[in-house]
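Trainee: Could we walk through this structure together, starting with the charged pairs and then moving on to the strands?

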Amino acid sequence: MSGATVPPSFGCGGCGARVEYAPGAAVLRCPYCGSQQEIAGAGREVREHAYAQLATLARKPVAQVGAYTFVCPGCGARTESNALAKRCQFCTAPLVADHATGSLIAPEGVLPFVVDRSGVRTALSTWCRSRWFAPNSLKKVSEAETLKGTYLPHWTFDARTVSQYRGQRGQHYWVTETYTVIVDGKTETRTRQVRRTQWHPAGGTVRRDFDDVLVPATRYLPEQQLDRLAPWPLTEAVAYHGDYLAGYHALRYDTEPEAGLATAKTRMAPVIQGDCRRDIGGDEQRVDSVDTSYSDVTYKLMLLPVWVAAYLHAGRSYQILVNARTGEVIGDRPYSAVKITLAVLAALTLVATIVLAFALGR
């Protein structure tokens, strides 16, 4: 586990302006003179950390991802930046720097931005055009000034599992069933084949190794919403370095690794149950109980890149998220009452026309 790092100055050696990380490259680039600086330490291997050692840490190291920590008075999100004041990228509320810091686990890996501002605007425009019944003003989301590049914290967990299960195996068989029907006022006896299931006790052991089970480490965005941004190309992650955050925001984790592991186990459970069903075999399966033991558990803290846009429409804020590696877009959207009304009227007109034509045809 690495310790705290000293925040770099991010000054351009050519003109003195502020350099930023260049999406898709391992360099810092000046937006004014175009000069580039290689990121020091690029290429270091991303490491897993033994979960058992977590409890032995005398002090959790602090991840220095910004000079100031901001606490949003609107939604409560904690972000870090080198600016003294800004607006929340999640709800657009004004922010004031909070200098209180705590002891946090340092990020081990980062998935750097690849989709730049031009690319995210293209993705947003495509997304907007595909939204049915959206107001015409939705197209403005691709030009939102609140568009912010943000690294979101996630835990990943590896584990070896051994699961003892008990259940039942169902085998299908067919029987001939007799029944009666009334045909032209007369009773007739007929037969049909009916499928039945015979159940037999089953039990056994299944094993599975899990790699990089991903768990969001922030509560300020719904877990289900973050899951929709998947899949993430985690094999392309690089070892954490503060330079990758230059020019972007970073959200600190607020879900501890202990809680993250509990969530990871709930994500492993359906996979293990599927293994149990396959092991039981037969035509149907019932899994009554599963007892799983975990070994060689490792973890790491990852920063994943997301573009966040807050779009205001009719006095309400809508949030858009873009996976900055794949361009996947998810988010809330408004509906146009006018478009919906016109669509309903058009549908009713079509139905009325069909009914009228049918009536006249008779």
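Mentor: Let us begin with the salt bridge in which the side chains of Asp-212 and Lys-300 meet, at 2.7 Å from N to O; a salt bridge here is a side-chain nitrogen of Lys or Arg within 4 Å of a carboxyl oxygen of Asp or Glu. Asp-212 lies in strand S11 and Lys-300 in strand S14 (residues 284–313), so this pair ties together parts that are 88 residues apart in sequence. Helices (H or I, at least four residues) and strands (E, at least two) are DSSP runs, numbered from the N terminus. The model is a predicted one, in which local features need pLDDT of at least 70 and side-chain atom pairs count only at pLDDT 80 or more, while totals for chains, interfaces and linings use all residues. Residues are numbered from 1 along each chain as its sequence is written, and side-chain values use heavy atoms, with hydrogens and water left out.

Trainee: Is Lys-300 buried or exposed?

Mentor: Lys-300 is buried, because its relative accessible area is 5%, and the classes are buried under 20%, exposed over 50% and partly exposed in between, with a 1.4 Å probe and protein chains only.

Trainee: Which residues are linked with Lys-300 in a network of salt bridges?

Mentor: The network links Glu-48, Asp-212 and Lys-300.

Trainee: What about Asp-158, how far away is its nearest side chain of opposite charge?

Mentor: That side chain is Lys-300, 5.2 Å away, and Asp-158 is buried yet has no salt bridge; for charge, Lys and Arg count as positive and Asp and Glu as negative, with His and the chain ends not counted. A polar atom of the Asp-158 side chain does lie 2.6 Å from the backbone nitrogen of Asp-212.

Trainee: Where does Asp-158 sit, and what is around it?

Mentor: Asp-158 belongs to strand S10 (residues 148–183). Leaving aside neighbours within four places in sequence, Asp-158 is in contact (heavy atoms within 4.5 Å) with Glu-48, Phe-210, Asp-211, Asp-212, Asp-296, Val-297 and Thr-298.

Trainee: How many bridges join S10 to S11?

Mentor: There are 29 bridges between S10 and S11, which run antiparallel, and two strands are taken to pair if DSSP finds at least two bridges between them. Within that pairing, Gln-164 stands opposite Thr-205 in S11. The hairpin of S10 and S11 has 2 residues between the strands, and in this hairpin Asp-184 takes a positive phi near 55 degrees.

Trainee: In which sense do S10 and strand S13 pair?

Mentor: S10 and strand S13 (residues 249–251) pair in the parallel sense over 2 bridges, with His-249 in S13 as the bridge partner of Thr-150.

Trainee: Switching to Trp-199, what does it contact?

Mentor: Trp-199 lies in strand S11 (residues 186–216) and, apart from neighbours within four places in sequence, is in contact with Gln-168, Arg-169, Gly-170, Glu-284, Gln-285 and Arg-286. Trp-199 is partly exposed, with a relative accessible area of 24%. The C-alpha atoms of Trp-199 and His-172 are 8.9 Å apart in space, although the two residues are 27 apart in sequence.

Trainee: Back to charges, how many salt bridges does a search of the whole structure find?

Mentor: The search finds 13. One of the pairs is Arg-267 with Asp-227, whose closest N and O atoms are 2.9 Å apart. This pair links distant parts of the chain, with Arg-267 in helix H3 (residues 257–280) and Asp-227 in helix H2 (residues 223–227), 40 residues apart. Arg-267 is partly exposed at 25% relative accessible area, and Asp-227 is partly exposed at 32%.

Trainee: And what is the N to O distance for Glu-236 and Arg-325?

Mentor: Their side chains meet in a salt bridge at 2.4 Å. Arg-325 is buried, with a relative accessible area of 18%, whereas Glu-236 counts as partly exposed at 44%.

How values were computed:
A polar contact is a pair of N or O atoms within 3.5 Å; within protein, one must be able to donate a hydrogen and the other to accept it, and residues adjacent in sequence count only if both atoms are side-chain atoms.
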